[in-house]
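Reader: I have the sequence and the model open. Can you walk me through how the pieces pack?

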Amino acid sequence: MTRRFDGRVAVVFGAGSVGPGWGNGKAAAVQYARDGATVAAIDIAIDAANETVGIIRGEGGTAEGWACDVTKRDQIVSVVTDVLARFGRIDVLHNNVGLPAMGTTETLTEGEWDHAMDVNLKSVFLTCQAVLPTMVKQGKGAIVNISSVAAVRYTGYPYPAYYASKAALNHLTASIALEYARKGIRANAIMPGMMHTPHIGKAIVGQYASEAEMVEKRNALCPTGRMGTGWDIAKCAAFLASDEAEYITGQVIAVDGGLTVRC
Ligand SMILES: NC(=O)c1ccc[n+]([C@@H]2O[C@H](COP(=O)([O-])OP(=O)(O)OC[C@H]3O[C@@H](n4cnc5c(N)ncnc54)[C@H](O)[C@@H]3O)[C@@H](O)[C@H]2O)c1
């Protein structure tokens, strides 16, 4: 059976998960592998990357783990060089890393603002800058950036740098798509809505009295009555990165159970 990423290499930044279970990046890395891709699983936490690698190999797939902080240009360049030496090409660049940085416009420090901008926005500029020359040489490539519904909606959480960085990420995606449209390279973004991932148990739970209250309130906010999962994001990402989406570029797609179209 031919699978849609057979012979292709997917590079996933933020391929681990901050806790047990399935985060958006971990699910995406495994989904690319299930669809035939060789996966470079890259994460600031090498144990988290290697856990994803173990799952992929356990299912008969091919993957290698690398440690890298996406805010550091030299680390990104070094990993991309290694991936090319090992696997020879890069067909998919998946940018998953993102952090909320809780704090109001008055309480958020300048350092927290800068860090959120570096992690959520500058990182994508840096990974694209490192990978695009290879995609240009290949005459083909697909970039998938993980944004958030917070790019286009006030979600109720106090995280001004998150709103601003994700909004900018949407437009960065469009600008890369147009810059490279005639070179066979596509760039799209996904805006997850309320997702039930390990990430919320770390980054969002502090906004509620308990984890149970967080789950109940986030479920209630969703038109479907329930949060989505990392697999909802992974399946959309695999579609966008595949040839089935060859005429889709510069788009920002909400995977949010209808959240952003409700009044
Ligand atoms: N879960 C949600 O409800 C939700 C909603 C909207 C958007 N998102 C977006 O989804 C993405 C994260 O999803 P996830 O479930 O995989 O989260 P996650 O927090 O589990 O992150 C995945 C991995 O990123 C790694 N990471 C963190 N900082 C890094 C850095 N500087 N360099 C390299 N790796 C780093 C972590 O170690 C982790 O293994 C983010 O972009 C986030 O903004 C999530």
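Author: One term to start with: a helix axis here is a line fitted to C-alpha atoms over the stretch in contact, and angles run from 0 to 180 degrees between N-to-C directions. Keep in mind that this is a predicted model.

Reader: Fine. At what angle do α4 and α5 pack, and how far apart are their axes?

Author: Helix α4 (residues 110-138) and helix α5 (residues 160-180) pack at about 15 degrees, with axes 9 Å apart. Angles under 35 degrees count as roughly parallel, so α4 and α5 are roughly parallel to each other.

Reader: Left-handed or right-handed crossing?

Author: The crossing of α4 past α5 is right-handed.

Reader: Which residues meet there?

Author: On α4 they include Trp113, Met117, Leu121 and Phe125. On α5, Tyr162, Leu169, Leu172 and Ile176 are among them. By class, the contact has 15 nonpolar, 2 polar and 2 charged residues.

Reader: Switching to the sheet. What's the strand order?

Author: The order is β3-β2-β1-β4-β5-β6-β7, in an open sheet of 7 strands with parallel pairing. β3 (63-67) and β7 (252-255) are the edge strands, each pairing on one side only. On average, neighbouring strands are turned by 20 degrees against each other, direction ignored.

Reader: How many bridges join β5 to β6?

Author: β5 (residues 141-146) and β6 (residues 185-192) run parallel and are joined by 6 bridges. Ile146 has Ile190 in β6 as its bridge partner.

Reader: And where does α2 lie?

Author: Helix α2 (residues 46-58) lies across β2 (38-43) and β3, and runs at about 180 degrees to β3.

Notes: Residues numbered from 1 in each chain as written. Predicted model: local features only at pLDDT ≥ 70, side-chain atom pairs only at ≥ 80, totals over all residues. Helix = DSSP H or I, 4+ residues; strand = E, 2+ residues; numbered from the N terminus. Parallel < 35°, antiparallel > 145°, perpendicular 65-115°, else oblique. Left-handed = near helix turned anticlockwise from the far one by under 90°. Contact = placed C-beta atoms within 7 Å. Nonpolar A, V, L, I, M, F, W, Y, C, P; charged D, E, K, R; others polar. Pairing = 2+ DSSP bridges.
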